[in-house]
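Please keep the sequence and the model in view while going through the points.

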Amino acid sequence: MPFDLRENNLSGLSVITQPANVVAGPDNFIDLYTYAQQYMPELIPQLHMANGLGKITGFLQICGHESTYQSDKIEHMEEGRLHNTITDVAVVGTTFTSPIEHNLKVGDTVKVSDGDIERQATVTAITDEFIFEATNDAGGAFGFGGVVDVICDFSNSYEKGSADAVGSKRWNPNPYYNFTHILKQNYNVSVSDMAHKSWVQTPDGPRWFNHEIERTSTMFDNMVELTQIFHERKTTGNARGVIGVLPQIETRGNVGNEYIDDIEALSAVAFRAKQQGGCREFHIFHNHQQGAELRKMMSGVNAHYATGANYGSFDNSMDMALMLGFKSVYIDGCTFHFTPWSLLDDPSLLGAEKFRASGLACLIIPSGTKYAQENGNTVSKPYLSTRYRQGSGVNFKKEIKLFGPGGTAHKFDIQTTHFKSEFLNQVIGANEFHAVRTGAGYYA
């Protein structure tokens with residue numbers, strides 16, 4: 001057998017000395033996790049650190065379509081419902097007083113219900129944008145016992161040979177904005193300590209890494225993720241920063257308290273999904289306790305005895321490993337996929353004691369695309385997009401600058417590594433997203 005000098009050692013890395021005519025600069029810097037991801041994914045389980053890698057990114061990669069933008073803010077328009085139902089309308093005789101603009105015209109046929117009695121009525125007069133007159137199509141008094149709900153865009157009826165309908169409906173799209181966010185981080189080290197960098201050979205040429213720069217880089221990526229999801233735009237002083245995904249859901253979407261712990265609770269989410277839009281597939285990103293509740297909920301669905309659990313029919317053997325986790329469920333017309341979210345359990349982040357009491361049990365994110373108006377055009381957009389500033393040949397997804405040896409010369413006896421990212425996110429159809437908190441009364 002011929003001599004076989006292996007390129008990689010037993011650690012999986014092809015460790016080389018300073019390569020000739022190669023400078024350790026920002027273009028050939030790499031962190032160990034990226035090296036393993038790109039070139040040797042089998043090494044990822046071996047990159048052990050006492051409390052894990054500390055890398056929390058993943059939510060945006062799974063859920064968020066990635067694109068670019070050029071302005072300091074982005075805008076899209078969303079139209080409301082096609083049909084209009086008004087709730088809590090007061091009725092006195094044939095006079096209906098709406099708490100909002102009714103958008104009706106004379107001749108419209110409406111459906112009216114007080115919860116016990118349901119009537120059909122025809123609009124006979126419009127007093128103003130809040131008050132209209134209508135008569136009972138069955139004749140006589142309506143007999144309602146309180147405020148009513150009115151389905152406005154129900155029907156109408158005209159005589160043969162009559163003129164065309166008068167007036168038209170208007171649908172005014174609502175504008176939604178998000179704003180650019182600049183995030184920065186840096187790492188300084190004396191020139192003499194830069195000898196501690198290591199080189200690895202890759203199919204794309206030599207790459208170098210430094211452990212502390214790598215940790216700073218990972219922390220920076222985590223901060224981008226945390227900012228995109230949780231950041232609340234500053235409104236005092238110099239208003240700036242992105243509106244995070246969670247604040248947008250809490251403002252425009254659905255919120256809930258306590259854990260989803262049985263099938264009926266998940267069915268309630270499915271019912272809300274049917275009320276709010278067309279999406280029928282969702283990702284549930286959850287903490288450990290919510291995962292346990294989902295597991296117990298699923299295990300008890302086909303229990304074969306009172307309070308028992310039956311995970312289905314299977315052949316059992318002595319050395320069989322029983323897997324009691326669940327990844328997906330289809331219920332009441334909706335599919336839910338379960339994904340553990342480590343940052344909700346990390347004790348250095350949202351897994352700290354008081355954050356566990358007030359924090360997220362889960363986020364429920366719709367999957368697929370949604371129609372919206374952008375730049376005057378109707379376009380199909382993902383429900384959630386992560387966007388990075390790009391323009392004039394510059395991409396600010398993750399800009400790395402080196403000052404000192406290998407980078408831009410400066411007068412200090414240190415090497416400085418600057419990290420910068422400029423980004424925002426776009427949530428379309430927030431009314432189909434859900435945020436669930438662990439506490440009983442967080443959302444009053």
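1. A polar contact is a pair of N or O atoms within 3.5 Å; within protein, one atom must be able to donate a hydrogen and the other to accept it, and residues adjacent in sequence count only if both atoms are side-chain atoms. Helices (H or I, at least four residues) and strands (E, at least two) are DSSP runs, numbered from the N terminus. At the start of helix H6, a side-chain oxygen of Asn287 comes to within 3.3 Å of the backbone nitrogen of Gln289.

2. On the basis of the note: this is a predicted model, in which local features need pLDDT of at least 70 and side-chain atom pairs count only at pLDDT 80 or more, while totals for chains, interfaces and linings use all residues. Residues are numbered from 1 along each chain as its sequence is written, and side-chain values use heavy atoms, with hydrogens and water left out.

3. Helix H6 has 12 residues and spans 16 Å from its first C-alpha to its last, close to the 16 Å expected at 1.5 Å a residue; the expected span is 1.5 Å times one less than the number of residues. Buried residues (under 20% relative accessible area; exposed is over 50%, partly exposed in between, with a 1.4 Å probe and protein chains only) in H6 include Glu293, Leu294, Met297 and Met298. Contact means heavy atoms within 4.5 Å, and the cover over the buried residues of H6 includes H5, E15, E16, E17 and E18.

4. An open sheet of 6 strands runs in the order E14-E25-E18-E15-E17-E16, with mixed pairing. Two strands pair if DSSP finds at least two bridges between them. The edge strands, E14 (254–257) and E16, each pair on one side only. From one strand to the next, the twist averages 20°; axes are lines fitted to C-alpha atoms, for helices over the stretch in contact, and angles run from 0 to 180 degrees between N-to-C directions. Within the sheet, E15 and E18 run antiparallel and are joined by 5 bridges, and Ile284 has Ile364 in E18 as its bridge partner. H6 packs on this sheet, touching E15, E16, E17 and E18, and its direction makes about 125° with that of E15.

5. Which residues have the most contacts inside the largest nonpolar core? A nonpolar core is a set of buried Ala, Val, Leu, Ile, Met, Phe, Trp, Tyr and Cys residues joined through side-chain atoms within 4.5 Å. The largest one has 39 residues, and those with the most contacts inside it are Phe59, Leu266, Ile284, Phe336, Trp341, Leu363 and Ile364. Strand E18 gives the most to this core, with 6 residues. Leaving aside neighbours within four places in sequence, Leu266 is in contact with Ile260, Ile284, Met297, Val329, Ile331 and Phe336. Another core, of 15 residues, lies apart from it and has Val112, Phe144, Val148 and Val150 among its members.

6. A barrel is closed by 6 strands in the order E4-E5-E8-E7-E6-E9, with antiparallel pairing. Its twist averages 45° from one strand to the next. Strands E5 (residues 95–97) and E8 (residues 131–136) are joined by 3 bridges, and Thr97 has Ile131 in E8 as its bridge partner.

7. Most residues other than glycine have a negative phi. Asp88, which is not a glycine, has a positive phi of about 60° and lies in strand E4 (residues 85–92). Asp332 likewise has a positive phi, of about 50°, and is placed in the loop between E16 and E17. Asp332 counts as partly exposed because its relative accessibility is 41%.
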